[in-house]
Amino acid sequence: MTTTAIPTETKRVTATAPKRRPKREREGAAWVFLSPWVLGAIVLTLLPMAVSLYLSFTDYDLFNPPKWVGLRNYVQMFTEDPRYWRSVVTTVTYVVIAVPLQLALALVVALALKGMKRGKAFYRSAFYAPSLLGASMSIALVWRAVFNDGGTVDNLLGTGGWVNKPGWSLLAVALLTVWQFGAPMVIFLAGLQQIPAELYEAAAVDGAGKWRQFVSVTVPMLSPVLFFNLVLQTIQAFQVFTPAFAVSAGKGGPADSTLVYTMYLYDRGFVASHMGYASAMAWVLLLVIGVVTAVLFRTSRSWVFYASEGDR
Amino acid sequence: MPGHRTKGFCASAAALALCAVLAGCGGSGESAGGGKVVLRYTWWGNPDRAERTEQAVALFEKQHPDVDVTTSFSGYDVYKQKLATQAAGGDAPDVMQLDYRQIDQYASGGVLLDLAKQKAVLRTSEIDQGLLATGRVDDVQYAIPQGRGTETVAYDVGTWKKSGVPLPGKSWTWSQWADTMRALAKKTGKPGATDPGQSEDAFEVWLRGQGKALYTKDGGLGFTADDLTRWWTFTDKLRREGAVSPAEQTTQLDGSVENTPLGRGTSVTDANWDAPASGFLALVKGGVALAPMPSGEDGTPGQYFKPSMFVGVSANTAHPKEAAQLVDFLVNDRQAAKILGASRGIPVNEQVRDEIGPQLKDFDKTIADFQASLEGKLKDPPQAPPAGDNALQSTFQRDYDQVSYARMSPREAAENYITEAKAELRS
């Protein structure tokens, strides 16, 4: 490793593996370029997280200095706050409705698009568009208008406005998420195209029909992608906020029916000015998401199949 | 989450200029490029108030060429949350509109500037002394009342007249009011009023009509679960009869006139504060008139004159003098008063009130006449609500949601509220 970088070599970088520069030099440059993000991560992520952990053990109303209360916020949350548990139930219900529906829809559309010869690009963009728009408040507001009384859905089905009925409002929120199935769909599509055509040919030769091919070839071959999407969408679903906030006009209503976890957290922090309590809620959410993800990873051993395992 | 956007913004700003790290991302009211003093002024209200405020601010800028005022406004619910967040971050706007319910919390939290220190530019001698005192906490003048307001039953004149039901007189009791709403609903086919069960303000009027109050002198609850149960039983029955708005409509209330049943054209009346009622004009084709709030069965009035809103200055402002000048302009300037009219209530400056009063036009005059008709009849206003009340307003609405969706009985919801309120007032 005595060579220094010369112009001809840099030009070849894309064609072949570059000759390595001394480690320290590479690292120095890396840190210079990374510094804005590293500083950003420290100042804007790690520091606030540390502060929030501290606040979770205090009583803090935003105006007066935080008062240390030890575990009181946590105790209150688990033993004295029925709304907290209502928000937990609402969130779990939401996750259970939204995630499977969204993944199923994404997979179905991906399968349909895979076999399509014409207009693939158009449909792919069309189905992906809601995911680009969906995070925005404006779309959520449109959603509210659509499901409001006198809105489109009301006019078509005579529902009287789902967002104003406690029994239906959470479904309206979940549908907004399901509708944004573009991101998992694109990932599914990529995964489907990775499956070698020989497998299908071999299966066909062995007399497997379409359904059998799907169950015995597509699903196992796709399982890593399925797993990836499941983990990602589950984590996201637990943190749902924008749709619930917009659809219920910031209140988690009607009658607390769309009071998902983060909405209640927001309510405690910014409406009732109990920042300490809100911080404690945030840390519990972090822990729960961690545990759920760990459980998903644990179960994945029994159903996720990596093709490379077979090659070994 | 709302935090995300800021985080993203800061991250890109950091990448470009390391601004986030060096400057702490976003200062307050710093002087801008041209050497001008920049003041941030925020308020809540309706488009009518916004238009007049913009005009007044433009006049202020003309009088003070070295000052630039950036303004923003939103509906009350959103404003309340945003201001709390800004204040907590030490980034409260230089000049901010405040509600009676916010004064105590903001003053004790050190958010507001002692305005007595700006006497040189901010005159208070012409302001009604009783009203002025409502902006004091522990004898420090933290805020100046901007107007005098009172609650009213705003109604759609056209629809009411067509219904054949006699128009409201100078007074009515709650049971007469209820009968009238039933009659209106029967004749017009739509609810007579917004369900008042969700409104802590309406409940307060009802309570005062019986000689009681929301809070005791030492900041505890002034009523019992029995009182609240009776109130909610009364409104629950009216809702079931269709005399007031159904749950699906009531739940959409967010403090803006646009989302009230009257504003949406689905009811004939709405109980509101008189100044924001001007917002109905643009929404109700048949014209809008004001009637007094119902009184107790023995004629005891429940409504009262309240400092409709305050204006305060941030303790962290870089330009206390200019900020105080803007406050002075909003409260004492005659031309500003002409532009603002009664959009924030009737002016508190007595000279201005006497001078501008007769010149008021249109709905401003309606409000002025309405207040004049109540002059001398009402009881003293209650003292400023304790800090926890800020959160209890939405708790009240939420607990009533459980009643109007028939998920709890009035008794259960009332007991729920009392428990929550006690916890909130203790902390």
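Visitor: What are the ground rules here?

Guide: Residues count from 1 along each chain as its sequence is written, and chains are lettered from A, with ligands numbered from 1, in the order in which they are written. This is a predicted model, where local features need pLDDT of at least 70, side-chain atom pairs count only at pLDDT 80 or more, and totals for chains, interfaces and linings use all residues; side-chain values use heavy atoms, leaving out hydrogens and water.

Visitor: How many helices and strands does chain A have?

Guide: Both are DSSP runs, numbered from the N terminus: helices are H or I with at least four residues, strands E with at least two. Chain A has 15 helices and 2 strands.

Visitor: What share of chain A is buried?

Guide: Buried means under 20% relative accessible area, exposed over 50%, partly exposed in between, with a 1.4 Å probe and protein chains only. In chain A, 42% of the 312 residues are buried. The accessible surface of the chain is about 17200 Å² (Shrake-Rupley method, 1.4 Å probe; for residues, only the protein chains shown count as cover). Carbon and sulfur atoms hold 69% of that surface.

Visitor: Is A:S169 buried or exposed, and why?

Guide: A:S169 counts as buried because its relative accessibility is 0%. The residue sits in helix α8 (residues 169–179) of chain A. A contact means heavy atoms within 4.5 Å. Leaving aside residues up to four places away in sequence, A:S169 touches A:W162, A:V163, A:P254, A:S257 and A:T258.

Visitor: What share of chain A contacts join residues at least 24 apart?

Guide: Take the contacts between residues at least 6 apart in sequence: 66% of them join residues at least 24 apart.

Visitor: Which residues have the most contacts inside the largest nonpolar core?

Guide: A nonpolar core is a set of buried Ala, Val, Leu, Ile, Met, Phe, Trp, Tyr and Cys residues joined through side-chain atoms within 4.5 Å. The largest has 61 residues, and A:M77, A:Y84, A:Y94, A:F188, A:Y261 and A:M281 have the most contacts inside it. Helix α4 (residues 82–114) of chain A gives the most to this core, 11 residues. Apart from it lies another core, of 41 residues, including B:L207, B:F223 and B:W232.

Visitor: What does A:F188 touch?

Guide: Not counting residues up to four places away in sequence, its partners include A:L103, A:L107, A:L222 and A:N229.

Visitor: How many cavities does the structure hold?

Guide: On a 1 Å grid over the protein atoms alone, a cavity is a set of points where a 1.4 Å probe fits but cannot get out; a pocket is an open set with protein on both sides within 12 Å along at least five of seven lines; lining residues have an atom within 4 Å of a point. Points join across faces, edges and corners, and a volume is the space filled by probe spheres set on them. There are 3 cavities of 30 Å³ or more.

Visitor: Which residues line the second largest cavity?

Guide: Both chains take part: A:R144, A:K251, B:T251 and B:Q252 are among them. This cavity holds about 60 Å³.

Visitor: Which residues lie nearest the centre of the second largest pocket?

Guide: A:Q76, A:E80, A:R268, B:E420 and B:A423, out of 28 lining residues. The pocket holds about 790 Å³. Helix α17(B) gives the most to the lining, with 6 residues.
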